Amino acid sequence: MSNKKYTKITDHFKDNEFINKNRPLTFLERLYFIEIFKGLAVTIKHFLYNFFNFSKLPTIDYPDKKRKIPASFRGRHRLTLRPDGTTRCVACFLCSTACPADCIYIEAGEYSDGNPNEKYPLRYEIDMLRCVFCGLCVEACPCDAIRMDTGLYDLADYSREDLIFTKEKLTSDYPPLKERGGAFNAEEFEAARALESAGKDENDKARKREKQSEGDIKNDD
Amino acid sequence: MSFYLETYISTYVFKTLYLPIMIKIVLAVAFPLVVLSAIPIVVWMERRGAGLIQDRMGPNRSNIAGYTFFGLLHPINDAIKMIMKETLTPERAKVLFYFLAPALVVIPAIMTFAVIPVAAPVEIEGVVIPFQVATIDTGLLYVLAISSLGIYGIMMAGWASGNKFSMLGGLRAASQMLSYEMVLGISLVTLFMIYAEIEPAAIVESQGELIFGFIPKWGIFLSPVAFFIFITAAFAECNRTPFDLPEADSEIVAGYHLEYGGMKFAMFMMAEYLSIITMSAVVTTMFFGGYQLPFLPSAKLHALAGPFISPFIQIAAFSVKTLFFIWLYIWARWTLPRFRYDQVMKLCYLKLFPIALANIFITAAIILLIS
């Protein structure tokens, strides 16, 4: 009985043209000769289309050109600062507790100069080799002290030590601004957001173009 | 001094004995150089072509001061990299044969080009300049003989590497190339019968004529069956897709050149592209009228353009035709999937071989009926 149920489901899809049914090859197909020319026609169509529409290729020349990333993109972390230049972080350990990759290391210190915030991180290190960029630390932070809005994602380096980001790196402009194309402070963030909303149209246009090019090469499988 | 030189140059002995030899030497140096320098361009065609066929850009990063020259610098980069690489010899390799094999693959691949005419011979002030390194009576048999010598290099490479994958690759290459060699030869017999010649230059000359007054007397129009059999066998001869079983990555890693690195590996690649160029040149010569422009045989062209310009026109025609067949090799590589090994052998012995034989008999019967 249960088998019948399954056959009914397959019956439903029987007339669906998108299902590639396993059918015996016709004589001409088994001959292979004509099929070769059909295949050659498909590839030359792609070749000619791409040859004459080279700029429409979906490839982005990566290190030279970078894709505009949305403002909500979770990039490399940064530690935000108060107007007086001290870190907003109060070393409450909520981020390192929330971290599923266990990559945040904090050593707490106390202000001795009567600062009302009492605690601050002596050391705040994120092991970028372990970080999974899930953003749970940002959500856990009660002080808005850690953010992932820098838009940096190319964090390659030559040594493991350099990829353990210290407090200095996390509060500073690193890698330098001109190389990174991300946001670091509030103004940059706003600028990036404005760029992104402008870029949205461009992205839409690119997507439309892609769709169009797909439509142009219709017959390929 | 110059007076003596001038008189000597105008002597009969110089014109008929020494000058032809000097011309041949120049040709013998120029031909391999041109063919070798065509390799980077073919490699470039393959990479960029593959990219565009697969909706990619293809290599375009290599540059000199920011100018990439459409990616043409990548083969140069490759060559520099290959030359600078360390020479590694596998522990189990049989050293002499291991080092000899790449040379034995490259040399026959270059040698084959010797009998291909790239333009009709021209006569300037009583001196005949042939655009063919060797005009020998054996003609195309020489091409078949020399190109089959390349198998030795490949077998040697596969065996001497001391690697099982290499061994398998070498075996596959050997059996495949030997089998298709036969089909290659037999499909050409049809054309030998039609033109009653086996010397390439003579065959190309007769391809300048017309059949029924409007079709060029090219091999493809006279014997299309032979053309398709020949081109299939030529693909198998060059170990190219869909017959690249000896280098089937998914099964035997890289086949016979698995253990080779640096310039030795580059020589195998060079040999592959050289044999593509040579086979394309042979196809052009035999089936597509060689250097002949359609409807403009070389005698007419000489009368029109004179002996100085017409060779260049014919070389251009020959190059364009050859480039098309090189492109066909590349085009087919990114179109057709690889055959299974038993399919390759069945295609050869059970399909192409009988068809080629039948083609001979039918053509012979037609020739008999017409004459």
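Colleague: Which residues are linked with E46(B) in a network of salt bridges?

Modeller: This is a predicted model, so please read each contact as computed from it. The residues networked with E46(B) are R240(B), E272(B) and R333(B).

Colleague: Is E46(B) buried or exposed?

Modeller: The cut-off for buried is under 20% relative accessible area. R333(B), at 28%, therefore counts as partly exposed. E46(B) has a relative accessible area of 3%, so the word for E46(B) is buried.

Colleague: What residue forms a salt bridge with R47(B)?

Modeller: R47(B) lies in helix 2 of chain B, and the partner sits in helix 3 (residues 73–84) of chain B, 31 residues apart. R47(B) counts as partly exposed at 29% relative accessibility. The closest N and O atoms of the pair are 2.5 Å apart, and the partner is D78(B).

Colleague: And in chain A, how far apart are the closest N and O atoms of R123(A) and E107(A)?

Modeller: R123(A) is in strand 3 (residues 119–127) of chain A and E107(A) in strand 2 (residues 104–110) of chain A. Both are partly exposed: R123(A) has a relative accessible area of 35%, and E107(A) one of 29%. A salt bridge needs the nitrogen within 4 Å of the carboxyl oxygen. The pair meets that cut-off, with its closest N and O atoms at 3.2 Å.

Colleague: Let's turn to the rings. How many aromatic pairs are there over all chains?

Modeller: Such a pair is described by the distance of the ring centres and the angle of the planes. A search of the whole structure gives a total of 28.

Colleague: What kind of aromatic pair do F73(A) and Y153(A) form?

Modeller: The two residues come from distant parts of the chain, 80 residues apart, and each lies in a loop. Their centres are 5.8 Å apart, with 75° between the planes. Planes over 60 degrees apart count as edge-to-face, so the pair F73(A) and Y153(A) is edge-to-face.

Colleague: How is the pair of W218(B) and F288(B) classed?

Modeller: Both W218(B) and F288(B) are buried, and they belong to one aromatic cluster that also includes F33(A) and F37(A). Their planes are 50° apart, at 5.8 Å centre to centre. Stacked needs under 30 degrees and edge-to-face over 60, so this pair is tilted.

Colleague: Which ring does K94(B) lie over?

Modeller: There is a charge over a ring in chain A too, where the charged end of K169(A) sits over F165(A), 5.0 Å from its centre. For K94(B), the distance to the ring centre is 5.1 Å, and the ring is that of W159(B).

Colleague: How far apart are the end C-alpha atoms of helix 5 of chain B?

Modeller: Helix 5 covers residues 140–160, which is 21 residues. At 1.5 Å a residue, the helix should therefore span 30 Å.

Colleague: Which residue in the turn between strand 1 and strand 2 of chain B has a positive phi?

Modeller: These strands run antiparallel and are joined by 4 bridges. They form a hairpin with 2 residues between them, and the residue with a phi of about 50° is E125(B).

Key
Residues numbered from 1 in each chain as written. Chains lettered and ligands numbered in written order. Predicted model: local features only at pLDDT ≥ 70, side-chain atom pairs only at ≥ 80, totals over all residues. Heavy atoms only, no water. Phe/Tyr/Trp six-rings, centres within 6.5 Å; stacked < 30°, edge-to-face > 60°. Buried < 20%, exposed > 50% of the residue type's maximum accessible area, 1.4 Å probe, protein only. Lys NZ or Arg CZ within 6 Å of the ring centre and 35° of its normal. Pairing = 2+ DSSP bridges. Expected span 1.5 Å × (residues − 1). Salt bridge = Lys/Arg side-chain N within 4 Å of Asp/Glu carboxyl O.
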